[in-house]
Amino acid sequence: MSAERQVRVYSTGGCEVVALIGEIDHATAPLVERDVLASVRAATGVVVDLTATTFLDSAGLLCLDRMVTAFGDRGAPVRVAAPADGMVRFTLDLIGFLPDLLTEDVDTAVAAMTQ
Amino acid sequence: MSAVQRNNIRLLGPEDAPAIVFAHGFGCDQNMWRFVAPRFADDHRVVLFDHVGAGNSDLGAYDAQRYASLGAYADDLLEILRELDLRGVVFVGHSVAAMIGLLAANAEPDRFAKLVLVGPSPRYIDDHDYYGGFSAGEIDELLDSLDSNYLGWSAAMAPVIMGNADRPELGEELSNSFCRTDPAIARQFAEVTFRSDNRADLGKVSVPTLILQCSEDVIAPREVGAYCNANIPGSTLIVLHATGHCPNLSAPDETFAAIDGFLRTG
Amino acid sequence: MPEPLPEENAEDLYDSAPCGYLTLLPDGTIVRVNRTFLQWTGWRRDQLAGRRVHEFYAVGSRIWHETHLAPLLHMQGEVREAAAEFRRADGSRLDAFVNAVLRAGPAGSQALVRMTVFDAKERRTYERQLLEERRSAERNATRVRLLQEMVVRCAAIERVEEIVAPIVRVGDEAFAATATRVWLLDPAQAALRPLGVADELLSLDDQAPEARAAALLDVVRHAEDDGGLRLVSPMLADQRVLGVVSFVFATDRPDPSEPQAARPRAYGENEPGPTRPRAYGEDEPARPRPRAFGEDEIELMRTVGRQAGQALERIRLLEETTRRAWQSGFLARLSRDLDETVGFTGRAMRLVELLVPDVAGYAQIDLDAAGDPAGEPAWRASAPARPGGGWTIPNDVLATVHAAGRSGAAPAAALLITIDGERALVLPLRARNAMLGTLLLAGGEVSGAGHVGPEFLADLADRAGLSLDNARLAERDREVAHTLQRSMLSGDWPADPRYHVVTAYRPAVHTLEVGGDWYDVFATSAESVGIVVGDVVGRGLHAASAMGQLRSAVRALATAHDGPAEVLRHMDDFVSHFAAGQMTTLAYAELALDSGVLRYACAGHPPPLLVEPGGVPSFLWEARSGPLGASAAGRARSEAMLTVPRGSRLVLYTDGLVERRGERFHHGLDRLASAAAAHWQTPLGLLATELSDAMLPGGGGHDDMCLLALDYTDAPPFRTEVPARMQALAGFRAALDAWLGEQGVGDYDRFGVVLATAEAVANAIEHGYGHDDARTVGVLAQVDGGAVSVRVSDTGQWRPPRTALQRGRGLALIGRLMDELVIDRGTGGTTVLMRRRAAGGGR
């Protein structure tokens with residue numbers, strides 16, 4: 001499985017959007033993390049879009065946690081977009097992952113950061 | 001029962017006049033004052049009464065335990081004064097009643113204007129330096145004789161106390177019309193009287209006091225009158241010409257004059 | 001012709017009249033006196049003339065003259081028939097009656113009193129008789145009344161001391177005694193003790209009237225040296241003397257200087273003074289004179305004694321009855337309280353608490369160190385706290401108590417000792433012919449004459465000793481038994497996805513002793529599992545150890561022999577050979593895990609309950625035979641066989657689950673069947689608890705209860721070996737998810753199980769194998785009832801996580817996703833057992 005196919009980065013409304021696609025698990029998480037941190041530079045704000053993420057295990061959660069921390073360290077506000085009834089959101093809620101950062105979708109996240 | 005009924009109170013004279021109360025001593029009843037008391041009735045409210053257990057008092061009110069001391073008689077006197085609402089009274093007490101009145105006056109001095117003590121004795125029995133007129137043994141003998149004189153003293157009660165209904169003449173022939181006394185009560189009253197010691201009470205008197213002392217009185221000798229005079233603050237002693245223990249009967253004029261004179265003094 | 005009457009001379013008539021004549025002035029001065037009076041009195045005329053009559057009176061008459069005679073003369077002019085007492089010249093007395101009249105003199109002259117004096121000796125004698133009779137009647141009436149009052153008051157009293165007041169009252173009022181004392185006989189000392197007076201003792205040999213009266217059984221009259229009197233009346237009950245009443249009559253009057261108000265009592269009606277000697281019919285007053293007692297008074301004193309004696313006897317009986325009732329009640333309470341108190345030390349401490357303050361002010365138990373009486377006590381319990389930690393019992397006392405305790409004499413005597421001025425009793429604590437230690441009691445009832453007595457204390461000490469010894473033995477047994485039982489009942493079951501087992505054990509509510517119920521699960525072969533529930537007769541260590549042996553025996557026999565009937569036959573042999581566990585009942589079943597063939601047998605045990613899928617219960621009533629080791633009938637061991645469908649549930653239990661007092665056994669079975677059917681949907685993990693609760697509301701029954709439930713899982717498990725590579729996880733997850741979907745597990749449950757299992761596998765890859773992809777991680781998943789069970793196992797060496805961040809993140813997820821989680825990190829690898837109860841439903 002290739003990391004390139006799992007990470008998509010684009011800009012919208014002055015924010016960088018990092019979309020993670022497919023299963024982020026013990027196998028893929030380290031690559032995804034490396035790619036994301038390498039490809040995202042903007043300082044205005046970052047949205048981690050998990051809308052297309054199908055699975056997140058503890059390695060995925062660790063990866064997500066590190067990304068958010070790294071963006072924060074760079075001074076960029078971060079939001080995580082995960083649909084409320086998805087399995088990913090279920091996993092995030094299960095361990096109480098950064099509830100303040102969670103939004104329903106990318107648009108909401110961008111709007112929140114550019115206000 | 002009110003004290004008025006209990007003590008067979010008799011009132012003479014105008015209601016609003018200053019009150020003078022006469023109290024009888026051991027041995028008789030208010031009749032003792034029959035020759036003296038009425039003479040004050042013109043300008044005094046005269047109060048006569050019988051001690052509980054004597055005369056026509058309510059014998060049912062007699063309680064041996066209560067009347068085991070002169071204090072009870074003094075309480076009765078105060079009760080009478082309260083009931084009649086009398087204050088500033090002149091109290092005239094004969095014999096042991098002199099001490100009863102003195103005790104009452106000490107307890108509630110406000111009710112008393114003057115005390116007249118006729119043949120008073122604060123203690124009948126000799127005691128060291130004190131001369132009372134009787135030895136302890138003589139008083140014993142007196143009480144003995146009260147037992148032996150039982151019938152003679154209580155003739156009027158004889159039919160009842162002897163329980164000899166089949167021999168009524170026994171009671172009949174022994175009767176005397178005055179000084180009726182229940183013998184048991186008389187016996188206790190005698191004991192209370194002759195064993196009393198009120199010497200310590202003399203000094204507490206705060207009311208002007210007249211002592212009437214007879215010249216020859218085997219019950220209250222002159223030494224005793226002098227003792228009272230010496231120990232009652234500010235008291236006046238008049239030694240009457242009368243002899244015996246009852247000048248109110250044997251010398252009513254002299255007795256009246258002495259009391260009347262005392263009443264007229266400030 | 002009648003003789004002429006003699007000439008009467010007026011002077012002679014006056015002088016020789018048969019009565020005395022006195023003429024007095026009003027003040028009592030004697031003016032004239034006749035010869036008769038002079039003759040009667042012995043006075044000469046010149047001694048009287050001009051003197052006052054008072055001087056010739058006795059003192060009473062003198063006062064009487066002044067207070068009565070003179071006033072009456074003034075008021076009514078005459079006095080008749082009055083008593084008077086004259087003094088004669090020789091000092092003796094003349095009893096007389098006098099009549100007196102007051103006559104006014106001629107004008108200008110004084111009034112005169114004329115007095116006639118009659119010798120009244122006879123009349124007075126008659127009067128005195130009358131008076132005395134009347135008084136006597138009055139006194140007796142009064143006395144009878146007082147006696148009746150005393151009897152009534154005595155009948156109402158409940159303590160010996162209370163008898164004093166009624167008796168003293170009689171002494172006071174009926175006899176006018178100066179003092180009245182009540183003495184009680186102390187039979188032990190052969191002496192009398194005055195009630196209410198401390199430490200006075202009068203030997204019965206004494207010459208004192210009290211002692212003589214007690215010996216004579218009659219009233220004793222004793223004249224004191226000072227002229228006083230003492231009359232002593234024995235208190236009798238059935239001619240046994242219980243004590244005496246002593247009436248003291250002093251000679252002296254009360255001190256006349258005392259104010260009257262302070263006199264001890266008022267006189268009753270007509271009662272003479274309390275102490276004054278009276279004499280009638282005597283001319284000479286000689287004082288002091290002893291008081292005279294008539295036979296009626298003596299008889300009354302006898303009666304007082306008899307009445308008091310009967311009252312005392314009644315009180316003694318009452319006190320004895322009360323004391324016995326209290327004692328037996330106390331001992332019963334003591335035994336019960338001690339039995340309810342667990343443990344030896346607890347019981348000893350409870351004992352001292354119970355003894356204070358009802359029996360003693362202080363109680364102390366010293367327990368011996370290895371039976372060495374001279375050694376320091378091994379252990380001490382005492383109440384209340386005492387500075388210095390308690391009494392040190394001297395060695396010689398200990399030696400005596402031990403000797404007495406070991407002698408086996410019953411009852412064990414208490415030893416009275418005094419330490420530092422305090423008195424204490426020391427009693428041996430013994431049981432089963434051995435000394436446990438000593439019980440020391442001090443203060444309170446022990447030192448008084450209250451409820452406790454030597455027999456009671458001995459009984460108490462023996463009961464206490466036995467109770468403590470029982471506790472000691474029971475404690476030892478129980479400790480072992482509990483250890484045994486814990487090991488027997490621990491659920492170390494073989495893990496096999498083809499079945500699941502839960503168990504429950506509940507001890508009886510009202511006992512602390514372990515019972516003999518047990519259950520067990522073991523593999524009899526690779527393809528079959530054996531389950532057993534048994535019940536050893538009895539409780540405590542014996543039952544527990546028998547249970548342990550039987551349990552091991554069943555395991556061993558079941559793997560070595562074929563089938564339940566064979567197992568039971570060998571168990572019979574075992575039981576008879578080892579003489580342990582006779583009459584044990586058990587139900588044994590073997591389930592072939594692939595075929596579902598169930599073979600079972602019951603040895604005197606309630607039938608197993610089978611619940612088939614859908615919740616249809618049925619009892620397995622075949623293959624029944626008698627308890628283990630029972631006589632011939634039980635030897636015909638048989639077994640039954642049936643095939644149970646997958647998804648079935650088998651319940652084995654002991655009778656404690658279904659038995660209820662007052663209920664028929666079959667009714668209990670019906671309740672169990674209903675409860676099992678009702679709980680069909682209950683996941684197995686909860687079943688044991690819920691079924692027990694349903695059957696035994698309140699937490700427990702009167703007997704121990706043991707329950708074993710086995711679910712024969714209804715589907716073949718998911719089983720795979722995952723290569724130890726993270727890249728293999730995605731495929732594994734997909735396969736597991738698909739299988740779970742086939743089993744009808746809902747989306748969320750499926751997702752949770754997959755996530756948790758994948759985390760466990762990832763852990764095994766990382767920490768167990770260190771990413772060595774030549775190895776595999778075994779996964780076994782199973783759906784039973786409404787739950788998914790997963791076992792993840794590796795054979796690697798556990799390596800701790802390298803970073804704190806990594807550590808535990810996976811396990812945290814698993815913990816939140818699964819209801820049960822067991823991680824077994826053994827030397828040969830790690831096994832993770834997980835279980836999630838299906839919430840049901842999709843997303």
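Five strands of chain C build an open sheet in the order β13-β12-β16-β15-β14, with antiparallel pairing. This comes from a predicted model, so read on with that in mind.

- From one strand to the next, the twist averages 25 degrees.
- Strand β12 (residues 362-367) of chain C is joined to β13(C) by five bridges, and the two run antiparallel.
- If you want a spot to look at in this pairing, Q364(C) stands opposite S382(C) of β13(C).

**Strand β5 in chain B**

- Strand β5 (residues 112-118) of chain B is largely enclosed by the rest of the structure, because six of its seven residues are buried.
- Strand β4 (residues 89-94) of chain B runs parallel to β5(B), and six bridges join them.
- Within this pairing, V92(B) has V116(B) of β5(B) as its bridge partner.
- Between β4(B) and β5(B) the chain passes through helix α3 (residues 96-107) of chain B, making a right-handed β-α-β crossover.

**Another partner of β5 in chain B**

- Strand β6 (residues 209-216) of chain B also pairs with β5(B), in the parallel sense and over four bridges.
- Here, L115(B) is found opposite T209(B) in β6(B).

Technical notes: Residues are numbered from 1 along each chain as its sequence is written. Chains are lettered from A and ligands numbered from 1 in the order in which they are written. This is a predicted model: local features need pLDDT of at least 70, side-chain atom pairs count only at pLDDT 80 or more; totals for chains, interfaces and linings use all residues. A residue is buried if 20 or more other C-beta atoms lie within 10 Å of its own, exposed if 12 or fewer, and partly exposed in between; C-beta atoms are placed from the backbone. Two strands pair if DSSP finds at least two bridges between them. A crossover is right-handed if, with the strands pointing away from the viewer, the path from the first strand over the helix to the second runs clockwise. Axes are lines fitted to C-alpha atoms, for helices over the stretch in contact, and angles run from 0 to 180 degrees between N-to-C directions.
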